[in-house]
Amino acid sequence: MNSSHNFNIVVTFVKKIMAHLDEPDASKLNSFLNLFNQSSSKVIFNGTPFNQAMSFIELWSNSIVKTNHLLSLLDFHEIPGTNILVININGKVRFDESGRDKNGRDSIIPLNNTQPTQMNANMANRSIWGPYFGMSLQLVIDSAIFRNNTVGIINSFNYNLIYKPEDSLIKI
Amino acid sequence: MNNNFHNNVNNLGMYAQQQQQMNRVKICVRNVQGLSMQQLLNFVSKNARVSLMDAKFEGNTIVGYVNNRQDAQLLNKWNGVRLGNCNLKFEIMDGQNSSPHTQSTIMMLKNFLYRRYNPQQKMLDLSSLHNDQELVQNGLFSSIATQSKMFPALMKVISQEPQLIIESVNLAGNNLKDIFGITTLAQTIPNLKNLCLANNQISAFKSMENWRNKFKELNELLMLNNPITNDRSYRTEMLRLFPKLVMLDNVVVRDAAKLKSVFSLPMQIQQFFFETSELGQSSLDFIKNFLNCWDTNRDQLLPLYTPQSSFSYAVDSSIPASTVPESDQHPSFGYYLSSSRNITKISSEKAVQQRLYMGQEAINNSFKSLPMTKHHLDDDPNGYSVQTISLSQLNGFMITLHGYFNETEKPLNTNNSNSKNSRNKKYSHGYSSSTNKLSKKSFDRSWVIAPANGGIVIASDLLTIRPYSSNSWSIPKPENPTSTTSNTPASGVNNIPTGIPGPQPPIINQQGMGNPLGMQGGINNTNQGINPLNNGLQPGMSATGPINAMNNQPGPISLAPTLQLPPNIQANLNPIQLDTLNKLHLQTKLNSEYTYMLAEQSGWNYDNALKSFQSSINNLPREAYIQ
């Protein structure tokens, strides 16, 4: 197998996944979903399984604040006799601790006199990054990736936070 | 009568001891750099002929106690004496009788605290301290100096009373002009939920700034009747200082549900996930046996690898934040770096190829170049987390294990780096010794496992080595126990009659002696123990079950029908412990109660438990066994 540029393809693909995880714009969710095998992908997040990639991506998008991933390790094996490769990834992730969700909505109950709106407008897009958590991700993907095909290639996605800083506001 | 007598004697002894403690005088010895404690103690007893008790280092000084004032003065005569290279300086701490006085002040504050503490509400009422008869009588408000010392002293006493669980503090009506005098509250009770500062004279935000990023769990704050509440930005500032504040001066300022959703992940982290219970059982067996061989004799693992199998390891050298508990801020990866296949760090295609080991020989060499280790799956099962999924592409499965190991010895061979080392010597003098020190490491390891010839082979083995840190999945002990019991439905699954224990997956039905992992004994026994009950069940009925999205609980471990545990006990055991229990039970034929005792006394280590069973087999009563 010609693997001379294979590892660059894998690195690019993993970076793409990190970028998808960090993407707050809900309109771009579909392109993330398209990477997953629609019929049989297995997703595990912090030890909890998801029947479908869709339900995981929805949860990630609606119920988890903005994230910022930092890739620190990547290694992968192609499994001979199959069309799959296993990718092992480690990194760090921090969460937006500004108190706002991905849509910029916070939990503060507005006062009747609409005095704070101006400040909210200024702050709306500013994330306040908390301390880094450790993350470990294992992917099983289709070797079609080496033929420049990334549609539906993620067979399994096992994402786990492996260490947590004590001073984070986020409870896991 | 007898009891009373003994009590009196005990009381007398205690009283005498107390008297003695009261007379003790605290001594501080300065200029002790380079001296050992023993040197100093020898010197003191030989020359001054007094004994320095409870001595300990406090920075650059040694602090201890002598029996009484005379002894202290005897010791004081040796001021300036030379010992080794030091001119010792003895100092009697605090004024005359200070020690008993301090003791009684602490006692008084302690009594006061318990009088003001409400255990039902977990509330400490420190309101209107200057109106407290006892405090006033003890002169705590006689001067400004004593008054300003009192609060920090109170905080100190609180920190030494762990049984005081405080969620709420009331500091109303204390004439506070700012919070400078009480800032230590944030260090003493960082997880405080409710705080009342009403009826004080706090007027400036500046002092409140000290509590920024402290009190991260503060839910309610009462500041009514403080000038600060009239400030236009009061509400905004308080919201900024306390990120989880919901109630401010009896008004709801944040939507609690929204707040919770923003600051917590939608589901709690789970230590174990197994796609089916069979996969749970076999992956735990695999992991235990694999790591056991990995720690003792890696050669035994080679039959699991084929010419097509691949192994590689990589170092994630990024240091966890210093606020990650127990995190190693100065890890050393000397033994790993030369062959680390961290593709984000390698630019050369050739290196990426070279650091992938395929086939037994290459894998064997690579194994030998890694430090010898000790994993603690048996004695610290909470230190490990596992996920297992099936892989239809090769009819096998993939196990991912997160955890830690101790490095016990340097590698068997240092990977033809001998020549490299000598070449590198001039670049790395004084460096290699520290980069090669043995220590604890955290790791993530994924095995892709395929069935072959009635046994299994490892198709792929990927290992990440990273700095040690405590893990994210262990729940600290003091969490309220009701949360575990409310989650117990899963333990119901373990109650055998539901028939979850399906047939053993083919992969562990290995034959003959070629079984490198020694996966016999317990597993075969499990078969014998369980199959009779399962005769009527469809084979594989749960093996093909889809991933159950709702089941957050670790995959259930099949327990033998004769092993019946009280639900509350079972709920507190993790799958690894349950598995150990099950095997012990089947191996020893002990009843549930005795099996549990045996497992617990042996630190949940199967081998130790079996040894101690065999050594005490003659002393066990008949009722200890399954009837």
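1. Secondary structure of chain B. In this predicted model, chain B contains 23 helices and 21 strands, where helices (H or I, at least four residues) and strands (E, at least two) are DSSP runs numbered from the N terminus. The model being predicted, local features need pLDDT of at least 70 and side-chain atom pairs count only at pLDDT 80 or more, while totals for chains, interfaces and linings use all residues. Residues are numbered from 1 along each chain as its sequence is written, chains are lettered from A and ligands numbered from 1 in the order in which they are written, and side-chain values use heavy atoms, with hydrogens and water left out.

2. Burial, contacts and surface. Of the 627 residues in chain B, 47% are buried, a term that means under 20% relative accessible area, with exposed set at over 50% and partly exposed in between (1.4 Å probe, protein chains only). Among the contacts of chain B with a separation of 6 or more, 71% join residues 24 or more positions apart, contact meaning heavy atoms within 4.5 Å.

3. Domains. The domain assignment divides chain B into domain 1 (12–92), domain 2 (100–263), domain 3 (272–414 + 436–466) and domain 4 (567–624), with bounds that come from an automatic or database domain assignment. Taken over C-alpha atoms, the centres of domain 1 of chain B and domain 2 of chain B are separated by 39 Å.

4. The UniProt feature. An unreviewed UniProt entry places the feature "domain: TAP-C" at residues 575–627 of chain B; UniProt positions are given in the numbering used here, feature names are shortened, and annotations may be inferred rather than shown by experiment. In the model this span is 64% helix and 0% strand, and its end C-alpha atoms lie 26 Å apart.

5. Aromatic pairs. Over all chains the structure holds 29 aromatic pairs, counted where the ring centres of Phe, Tyr and Trp (its six-membered ring) lie within 6.5 Å, with planes under 30 degrees apart classed as stacked, over 60 as edge-to-face and the rest as tilted. One of them is the tilted pair of F405(B) and F443(B), at 5.7 Å centre to centre and 40° between the planes. This pair links distant parts of the chain, since F405(B) belongs to strand 19 (residues 396–409) and F443(B) to strand 20 (residues 440–452) of chain B, 38 residues apart. F405(B) counts as buried at 4% relative accessibility, and F443(B) is likewise buried, with a relative accessible area of 1%. An edge-to-face pair is formed by Y596(B) and W604(B), 5.6 Å centre to centre with 75° between the planes; Y596(B) counts as buried at 19% relative accessibility, as does W604(B) at 11%.

6. Aromatic cluster and charges over rings. One aromatic cluster is formed by F286(B), F290(B), W294(B), Y305(B), F311(B), Y313(B), Y336(B), Y357(B), F367(B) and W447(B). Over the ring of W294(B) sits the charged end of R298(B), 4.1 Å from the ring centre, the criterion being that NZ of Lys or CZ of Arg is within 6 Å of the ring centre and within 35 degrees of the ring normal. K440(B) lies over the face of Y468(B), at 4.4 Å from the ring centre.

7. Helix 9 of chain B. Which residues of helix 9 of chain B are buried? They are Y234(B), R235(B), E237(B), M238(B), L239(B) and L241(B). Because six of the eight residues of this helix (residues 234–241) are buried, helix 9 of chain B is largely enclosed by the rest of the structure. The cover over its buried residues includes helix 8 (205–208), strand 11 (220–222) and strand 12 (247–248) of chain B.

8. Positive phi values. F215(B), in the loop between helix 8 and strand 11 of chain B, has phi near 45°, a positive value in a residue other than glycine, and is buried with a relative accessible area of 1%. D249(B), in the loop between strand 12 and strand 13 (251–252) of chain B, has a positive phi near 50°, again in a residue other than glycine, and counts as buried at 11% relative accessibility.

9. L71(A). This residue lies in strand 3 (residues 67–78) of chain A and is partly exposed, with a relative accessible area of 22%. Leaving aside neighbours within four places in sequence, L71(A) is in contact with V14(A), K15(A), I89(A), N90(A), G91(A) and T344(B).
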